[in-house]
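Dear colleague,

I am passing on a structure for you to look at, and below it I have set out what was found. Please keep it open while you read.

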Amino acid sequence: MKLENQFLCVEIAELGAEVVRIFDRQKNTDVLWEGDPAYWKRHSPVLFPNVGKTFSSQVLIEGNTFPTVQHGFARDSVFTCVSSSGEEVLFCLSSSEDTKKVYPYEFELYIRYVLMGKELTVEWQVKNCSDRNMYFTIGGHPAFRFAGKDEKKEDYLLKFPGKEALTYILVDPETGTGVPDRTYPLELEEEMCPVTEEMFLRDALIFDEGQIGEVWLCRKDGTPYVGMRCKGFPSFGIWSVKDAPFVCLEPWQGRCDNIGFAEEISRKPGVVELPKNEIFIKSYQIIVA
């Protein structure tokens, strides 16, 4: 599936309803990571019904334990295209007997992409079709490749408009779950900090408490390259792989479990509680400079 205008060409796969290409026509360059499995095989997966890992790779729902996989099953599920036009497309994933084996709720997950100018809006709609409250987290995971063939992390900066400093937590390397009782400062100079390999030695940087509503990946001279507007998201992740020529900017509505969490999903910090027959809606924008 393609969305196109004079500025961008966006390609979306039915598998995971995942954006697999964002091509800047004016600069004749790809902006989204191409999915080279030597570093990371994905491009921009949608994370549902869990962001990140659950502690012990399981979740407790109404007294029953269900197995989980990192980032949930939506990214590996085939979506149905509900409608499409030249600059907008809507996909849907519905619950099934297979999904109920790991997530007992009946739901409909809609993912809408709207291309306008040099902006791509990503919108999620989660409908609770069950007869009781439904609990989940959901997030984005787009990876932005560096423009030049030989460019490295050190050739880029991150810019956080309006921010003087940020704080983040890390994940426990053994369980992949958050360690919230120790925070680290991300010091900024003129709203920016350099991208380095050392940033990601312990996996993702996790920013809680709604700190990030806009972020830009900029060239070393401060020129904007690609940005994200994500107002109202409680958590945000920044991640990459050693020596990989990309950076992931990840808006999250909820995140991985905290280390040691073994309670009912309803008590998980940051979890979305969605009453029956109601619809949760959230969106963010990818902006190509």
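A contact means that heavy atoms lie within 4.5 Å. Phenylalanine 136 touches Phe48, Pro49, Tyr103, Val126, Val271, Val272, Leu274 and Phe280, where residues up to four places away in sequence are not counted.

Please bear in mind that this is a predicted model, in which local features need pLDDT of at least 70 and side-chain atom pairs count only at pLDDT 80 or more, while totals for chains, interfaces and linings use all residues. Residues are numbered from 1 along each chain as its sequence is written, and side-chain values use heavy atoms, leaving out hydrogens and water.

A nonpolar core is a set of buried Ala, Val, Leu, Ile, Met, Phe, Trp, Tyr and Cys residues joined through side-chain atoms within 4.5 Å, and buried means under 20% relative accessible area, with exposed over 50% and partly exposed in between (1.4 Å probe, protein chains only). The largest such core has 72 residues, and Phe136 is among those with the most contacts inside it, as are Ile22 and Phe48. Strand β10 (residues 107-116) gives the most to this core, with 5 residues; strands are DSSP runs of E with at least two residues, numbered from the N terminus. Another core, of 8 residues including Trp33 and Trp239, lies apart from it.

There is also an open sheet of 4 strands in the order β1-β2-β3-β4, with antiparallel pairing, where two strands pair if DSSP finds at least two bridges between them. Because β1 (2-4) and β4 (29-30) each have a single partner strand, one side of each is left without a neighbour in the sheet. Threonine 29 lies in β4 and is buried, with a relative accessible area of 13%.

With best wishes
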